[in-house]
Amino acid sequence: DAKTTQPPSMDCAEGRAANLPCNHSTISGNEYVYWYRQIHSQGPQYIIHGLKNNETNEMASLIITEDRKSSTLILPHATLRDTAVYYCIVRSLNYGGSQGNLIFGKGTKLSVKP
Amino acid sequence: DGGITQSPKYLFRKEGQNVTLSCEQNLNHDAMYWYRQDPGQGLRLIYYSQIVNDFQKGDIAEGYSVSREKKESFPLTVTSAQKNPTAFYLCASISHSYNEQFFGPGTRLTVL
């Protein structure tokens, strides 16, 4: 079972910031928070990941709470092309065994509207 | 350009037939994965391989088989034992530094 909880859907106006929440209250110390997105009928695309510090790249920002029990993915200026399902995943860095596998839940369907 | 290729993009098969889905990567990644996705659902892990000639079952391996004879290739066979094979199948790989997982474009399998 997925270790994260996300709202099933969200809307965002084009040009505005999209803030996607994720709850991961059972996260352990060696687990990172990863975000992927999947545009309809395509393979998922990596967005960003982090451990405890906030992270930013060219696609998005990731804000992780101090207790690490929740996080928020921020798309600063959403466009119509950002309409997709966004998956929040917690994952161990243990390369051996299955702990490092990604476990995808149902994600949040983000609809960016003109 | 480096990446993961899956073929074919669409596949139709008759009930009772085995079918093999191709997955090739030129990223020099060690680990490769197969996932299944049903409409409106997340991805479920079928099989994974962390090294050549070795692979492990995921959460829903029944009715599927894989091989890993080369680092670049991880084909998935959907056997007639798989009761409900119609789905979107995704292949992925990850480097030993274990950060970003790359996904292929997927194969949509329909059983007629």
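Visitor: Which residues lie nearest the centre of the largest pocket?
Guide: Those are H40(A), Q37(B), P39(B), G40(B) and Q41(B), out of 23 lining residues. On a 1 Å grid over the protein atoms alone, a pocket is an open set of points with protein on both sides within 12 Å along at least five of seven lines, a cavity is a set where a 1.4 Å probe fits but cannot get out, and lining residues have an atom within 4 Å of a point.

Visitor: Is this predicted or experimental, and how are things numbered?
Guide: This is a predicted model, where local features need pLDDT of at least 70 and side-chain atom pairs count only at pLDDT 80 or more, while totals for chains, interfaces and linings use all residues. Residues are numbered from 1 along each chain as its sequence is written, chains are lettered from A and ligands numbered from 1 in the order written, and side-chain values use heavy atoms, without hydrogens and water.

Visitor: What volume does the largest pocket have?
Guide: About 480 Å³, a volume being the space filled by probe spheres set on grid points joined across faces, edges and corners.

Visitor: And the largest cavity, what lines that?
Guide: S41(A) from chain A, plus K9(B), Y10(B), F88(B), P105(B), G106(B), T107(B) and R108(B). Its volume is about 40 Å³.

Visitor: Switching to packing: which residues have the most contacts inside the largest nonpolar core?
Guide: W35(A), L73(A), Y86(A) and L110(A), in a core of 21 residues. Such a core is a set of buried Ala, Val, Leu, Ile, Met, Phe, Trp, Tyr and Cys residues joined through side-chain atoms within 4.5 Å; buried means under 20% relative accessible area, exposed over 50%, partly exposed in between (1.4 Å probe, protein chains only).

Visitor: How many disulfides are there over all chains?
Guide: The search finds 2, counting cysteine sulfur atoms within 2.5 Å. One joins C22(A) to C88(A), S to S 2.1 Å. C22(A) is in strand β2 and C88(A) in strand β8 of chain A, so this pair ties together parts 66 residues apart in sequence; strands are DSSP runs (E, at least two residues), numbered from the N terminus.

Visitor: What about chain B?
Guide: There, C23(B) and C91(B) are bonded, with sulfur atoms 1.8 Å apart. The torsion about their S-S bond is about -70 degrees, so the disulfide is left-handed. Both cysteines, C23(B) and C91(B), are buried.

Notes:
Helices (H or I, at least four residues) and strands (E, at least two) are DSSP runs, numbered from the N terminus.
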